[in-house]
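Here is a short report on the fold, the chain contact and a few selected residues. Please read it alongside the structure shown below.

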Amino acid sequence: MTRYTRLTGAAVLLMLVAGALIFFYAPEDFLQKEPQRIFYLHVSAAIAAFACFAVVLGASVAYLRTESPRADRLARAAALVGVVLTTVTLGMGMLYAKPIWGAFWTWDARLTSTLVLWIIYAGYLLLRRLAEPGRQAARFAAVVGIFGFVDVPIVYFSVTWWRTQHPGPVIVTNALPPEMLLTFLVTMACTLFLAGTLVAIRYQIETLMDEVPSPAPSHPVGAAPREPEPAR
Amino acid sequence: MNRSVAVAVAVARKDLTSEWRTRELVPALGQFVVLALVIANFGFQIDSQNAPVIAPGVLWLALVFAGLVAFGRAFAAEREQASLEAMLLTPAPAAAIFAGKAMAAALLLIACEAVLLPALALMFGTPLNVPLVAAVLIATVGMAALGCLFAAMVARVRSREVLLPLLTLPLWIPFIVAGGQAVQVAMGATGNYNQAVALLIDFDILFVVLTSLAARFVLDD
């Protein structure tokens, strides 16, 4: 059994524990009834996604300073997992919004900024695929990773400052009942562990892909042929 | 410092001279924004009642897409003639070269705004006043810095036409949020104009500083 198999097993087990708490331990919400149970994973996924993008920011800054291929691989891995988690957040949020707000989507500050976040990092992944692999892709992506993270709080706050008519924060404004709080905290911890596991696995995949000699680079129209990247 | 400014001005002058001699981009951009107004007319069924409500949105849509075209072209000539490499071989700092390119692109976009804003006022019956022009010009500064940074980046990447809007538009959203508010107020809506413009200036400072720090990594190879 490799390290990754054990990690994955632990992550799956932990998510099952979280699921058991969500469905069997946490009390049903008085107003929102069953759909409220989406809340636990929805918010946890959002927090885990933010953590991933913070890792992208840190790794991007580290890459620009040191040009370390490991920092670049970490940024790649965390960006992919972050986009997946943001997708989960948006998807579960829509399922949650339909029964509670009556619509899948509103132009709420939080929804809009999350969508922008998703678009920025989806663009990051696309840039990684289209830029010439190696130093150029890593540098360009690092710049996008830094600007993307700077942009998100701005989008978030700039929209809240004005569109105050949006429905109040969905997250805890008053203290949750202890059972709900415990369920939420456990789910969040499990989701963060899952995210960490996914990043670790993806990091390993990126390492292996870097080690495989890339096929002869195809020169796109307009781009000058370049020297092959030195082996790392 | 003085030398950097001189380099930036020289690069900007080179770009503007080349545009003046060919007259390629600005007339095309002018036609583009007028076409955008025509399309908005058919898309929205504009009449005297709803025109003032729709006009700010039309302004930003036209401006944003004209901006993408302008910045996408900023590095086209350099790419076609591989002249960027020649510039980078000189001892001039990369940030200064980048600032020059951004200044020239911003001035071309301002030329396009000089068509867009009067056309909007004429065809939509909205006011054309100093607060409106000021808000758009202030937003142009930061948008130019960001747009040029990503234009420099995608100039060396496959599918650059697709990638430039994908990278640039999400990062322009702060300018559209604050600029949209400022333009709405300037056109007669209620709201806080000063706060919106102050925020635009904050974004300008933030992104000009960040792009000048990042320019080295995007231009150098």
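Among contacts in chain A between residues at least 6 apart in sequence, 79% join residues at least 24 apart. Two residues are in contact if their C-beta atoms, placed from the backbone, lie within 7 Å. In chain B, residues 24 or more positions apart account for 80% of the contacts with a separation of 6 or more.

This is a predicted model, in which local features need pLDDT of at least 70, side-chain atom pairs count only at pLDDT 80 or more, and totals for chains, interfaces and linings use all residues. Residues are numbered from 1 along each chain as its sequence is written, while chains are lettered from A and ligands numbered from 1 in the order in which they are written.

**Chains**

Chain A has six helices and zero strands. Helices (H or I, at least four residues) and strands (E, at least two) are DSSP runs, numbered from the N terminus. The order of elements in chain A is α-α-α-α-α-α from the N terminus on. Of its 232 residues, 37% count as buried. A residue is buried if 20 or more other C-beta atoms lie within 10 Å of its own, exposed if 12 or fewer, and partly exposed in between; these C-beta atoms are placed from the backbone.

Chain B comes to nine helices and zero strands. Its radius of gyration is 18 Å, close to the 17 Å that the globule rule gives for 221 residues, so chain B is as compact as a globular protein of that length. The radius is taken over C-alpha atoms, and the globule rule is 2.2 Å times the number of residues to the power 0.38. The C-alpha trace of chain B spans about 60 × 35 × 30 Å along its principal axes. Buried residues make up 46% of the 221 residues in chain B.

**Contact between the chains**

Chain B gives 23 residues to the contact and chain A gives 26 residues. On the side of chain B, the elements that give two or more residues are α8 (160-186) and α9 (193-219). α8(B) gives the most, with ten residues. By class, this side of chain B has 17 nonpolar, two polar and four charged residues. Ala, Val, Leu, Ile, Met, Phe, Trp, Tyr, Cys and Pro count as nonpolar, Asp, Glu, Lys and Arg as charged, and the others, Gly among them, as polar.

**Core**

The largest nonpolar core holds 140 residues. Such a core is a set of buried Ala, Val, Leu, Ile, Met, Phe, Trp, Tyr and Cys residues joined through C-beta atoms within 7 Å. Cys52(A), Ala78(A), Ala105(B), Cys148(B) and Leu200(B) touch the most other members. Helix α7 (residues 130-154) of chain B supplies the largest share of this core, 17 residues. Leaving aside neighbours within four places in sequence, Cys148(B) is in contact with Phe71(B), Ala74(B), Phe98(B), Lys101(B), Ala102(B) and Ala105(B).

**Helix packing in chain B**

Helix α3 (residues 51-74) of chain B and α8(B) pack at an angle of about 145 degrees, with their axes 10 Å apart. Axes are lines fitted to C-alpha atoms, for helices over the stretch in contact, and angles run from 0 to 180 degrees between N-to-C directions. By class, the contact of α3(B) with α8(B) has eleven nonpolar, five polar and one charged residues.

Trp60(B) lies in helix α3 of chain B. With 19 other C-beta atoms within 10 Å, Trp60(B) is partly exposed. Leaving aside neighbours within four places in sequence, Trp60(B) is in contact with Ile176(B), Gly179(B) and Gly180(B). Trp60(B) and Gly179(B) are 119 residues apart in sequence, and their C-alpha atoms are 8.4 Å apart in space.

**Ala18(A)**

Ala18(A) sits in helix α1 (residues 3-25) of chain A. It is buried, with 23 other C-beta atoms within 10 Å. Beyond its neighbours within four places in sequence, Ala18(A) is in contact with Val186(A), Thr187(A) and Cys190(A).
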